[in-house]
Amino acid sequence: MPTRDVAESFLADYDRLTDAQRKGFLRVLQRFIEDADSGQFRASLRVKPVRGQAGIWEMTWEGNDGRATFMYGPEKLPGKRHVIWLHVGGHEIFQEP
């Protein structure tokens, strides 16, 4: 199981999610956790690098409207990825505040 940190921006985004959006994220999060250490994500998670943002990745779900961004940090436990969650929501997470 990967280790994780959560950015303040992610917490603020999460607080704004509807109950349905939270349930959707938590559902795919379990799958993400299962796949993260191998770095081989199942196709349904649609994990890919964010264009023009070196080191930032995104995961999408719910008809491509649910999305979360993250980056990898230095390992905290040997052999386990360290994930830093940055944002969660819909397409709006890519807009400037």
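Predicted model: local features only at pLDDT ≥ 70, side-chain atom pairs only at ≥ 80, totals over all residues.
Helix H2 covers residues 19-36, and at 1.5 Å a residue its 18 residues should span 26 Å; the C-alpha atoms at its ends are 25 Å apart, which agrees.

One part of H2 is hidden from solvent. Its buried residues are Gly-24, Phe-25, Val-28, Leu-29, Phe-32, Asp-35 and Ala-36. An α-helix has 3.6 residues a turn, so residues three or four places apart point the same way.

Asp-35 deserves a separate look. This residue of helix H2 has a relative accessible area of 9%, and it counts as buried because that value lies under 20%. Leaving out residues up to four places away in sequence, Asp-35 touches Gln-40, Phe-41, Arg-42 and Leu-45.

The strands come next. Five of them form an open sheet with mixed pairing, in the order E1-E5-E4-E3-E2. Strand E1 (3-6) and strand E2 (48-49) stand at the edges with a single partner strand each, so one side of each has no neighbour in the sheet. Both helices pack on this sheet: H1 touches E1 and E5, and its direction makes about 40° with that of E5. H2 touches E3, E4 and E5, and its direction makes about 120° with that of E3.

Within the sheet, E4 pairs on both sides. E3 and E4 run antiparallel and are joined by six bridges; in this pairing Met-59 stands opposite Ala-68 of E4. E4 and E5 also run antiparallel, with seven bridges between them. Met-71 has Ile-84 in E5 as its bridge partner, and Tyr-72 stands opposite Val-83 in E5. Strand E4 is mostly covered, since six of its eight residues are buried.

In soluble globular proteins, nonpolar side chains tend to be buried together. Here the largest nonpolar core has 17 residues, and the members that touch the most others are Phe-25, Phe-32, Met-59 and Trp-85. H2, E3, E4 and E5 each supply at least two residues of this core. The element that gives the most is H2, with five residues.

Met-59 shows how these parts come together. Its place is in strand E3, and with a relative accessibility of 0% it counts as buried, because the cut-off for that word is under 20%. Setting aside residues up to four places away in sequence, Met-59 touches Phe-25, Val-28, Phe-32, Leu-45, Arg-46, Val-47, Gly-66, Arg-67, Ala-68, Phe-70 and Trp-85. Among these contacts of Met-59 are Phe-25, Val-28 and Phe-32, which also belong to the buried residues of H2. Ala-68, another of the contacts, is the residue that Met-59 stands opposite in E4.

Met-59 and Asp-13 are 46 residues apart in sequence, and their C-alpha atoms are 15 Å apart in space.

Definitions and conventions:
Residues numbered from 1 in each chain as written. Heavy atoms only, no water. Helix = DSSP H or I, 4+ residues; strand = E, 2+ residues; numbered from the N terminus. Expected span 1.5 Å × (residues − 1). Buried < 20%, exposed > 50% of the residue type's maximum accessible area, 1.4 Å probe, protein only. Contact = heavy atoms within 4.5 Å. Core = buried A, V, L, I, M, F, W, Y, C linked by side-chain atoms within 4.5 Å. Pairing = 2+ DSSP bridges. Axes fitted to C-alpha atoms, helices over the stretch in contact; angles between N-to-C directions.
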